Amino acid sequence: MTKKEWLLCLEEMDRMFPDAHCELIHRNPFDLLIATLLSAQCTDKLVNKVTATLFQKYETPEDYAAVPLEELQQDIRSIGLFRNKAKNIQALSGILIDEYGSEVPPDRDLLMTLPGVGRKTANVVVSVAFGIPALAVDTHVERVAKRLGLNRWKDNPLQVEETIMKKTPAEDWSKTHHQIIFFGRYHCKSQNPGCHICPLFERCREGKKRENKGLVKREIITEVN
């Protein structure tokens with residue numbers, strides 16, 4: 001997919017989801033860091049359900065560091081990988097207290113040195129909390145990029161991130177991240193994607209493949225101009 005074709009796809013996503021945003025509920029950068037860490041291999045909906053009570057009990061790194069690990073584990077028990085996530089939350093809270101004055105550093109590379117914080121989480125935090133251009137690649141972003149043909153199926157998340165950033169104006173990276181997520185979460189779903197009514201269908205590698213297999217019966221064909 002050429003840069004021009006990709007930008008036309010983004011224009012359509014912008015029309016479909018003009019208000020796309022981070023759906024993790026948070027009050028500040030620290031809350032967002034915790035929520036994003038919890039969201040690994042878990043839905044934002046479940047994370048928001050857990051943090052509705054978690055964020056009433058814990059507000060600062062000191063709060064998380066002060067409780068027994070077992071208590072924190074119970075507080076997030078409904079989240080996948082809760083034991084490891086609780087351990088990482090306490091560890092990163094201690095580092096924030098000792099090295100950063102209990103503040104979240106607005107730097108992706110520094111964030112990635114914290115326990116449990118990978119590139120995706122760091123990109124989300126710097127983008128959403130600090131307004132720094134970044135593009136996080138989650139399962140939705142990766143799926144959409146590969147289905148449309150922007151990336152190869154064998155590309156890893158970093159390659160997907162680099163390709164999208166290369167073909168998208170830097171000032172639009174953060175907005176693009178959220179719009180691709182909304183497109184993947186609510187339209188181009190992992191199971192039963194909306195190919196039959198998709199305005200990007202004529203440009204979509206996966207959509208054409210599904211049509212050739214008889215898996216798609218088009219209802220509305222709207223070509224991107």
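How many salt bridges are counted between domain 1 and domain 2?

Reply: The count between domain 1 and domain 2 is three salt bridges, each being a side-chain nitrogen of Lys or Arg within 4 Å of a carboxyl oxygen of Asp or Glu. The model is predicted, with local features needing pLDDT of at least 70 and side-chain atom pairs pLDDT 80 or more, while totals for chains, interfaces and linings use all residues. Residues are numbered from 1 along each chain as its sequence is written, and side-chain values use heavy atoms, without hydrogens or water.

Domain 1 consists of 3–19 + 136–213, and domain 2 of 29–130 (bounds from an automatic or database domain assignment). Their centres, taken over C-alpha atoms, are 28 Å apart. Nine residues from domain 1 and eight residues from domain 2 make the contact (heavy atoms within 4.5 Å). Between them the domains bury about 590 Å², with 50% of it on carbon and sulfur atoms (accessible area lost on being put together, 1.4 Å probe, summed over both parts). A salt bridge also joins the side chains of Asp-44 and Arg-185, at 3.2 Å from N to O.

As for annotated positions, the unreviewed UniProt entry gives a "binding site" at Cys-188, Cys-195, Cys-198 and Cys-204 (such annotations may be inferred rather than shown by experiment). These residues spread over 17 residues of sequence yet cluster in space, the largest C-alpha distance being 10.9 Å. Cys-188 counts as buried because its relative accessibility is 10% (buried is under 20%, 1.4 Å probe, protein chains only). Beyond its neighbours within four places in sequence, Cys-188 is in contact with Arg-143, Val-144, Arg-147, Phe-183 and Pro-193.

Definitions and conventions: Buried < 20%, exposed > 50% of the residue type's maximum accessible area, 1.4 Å probe, protein only. Buried area = accessible area lost by both parts, 1.4 Å probe.
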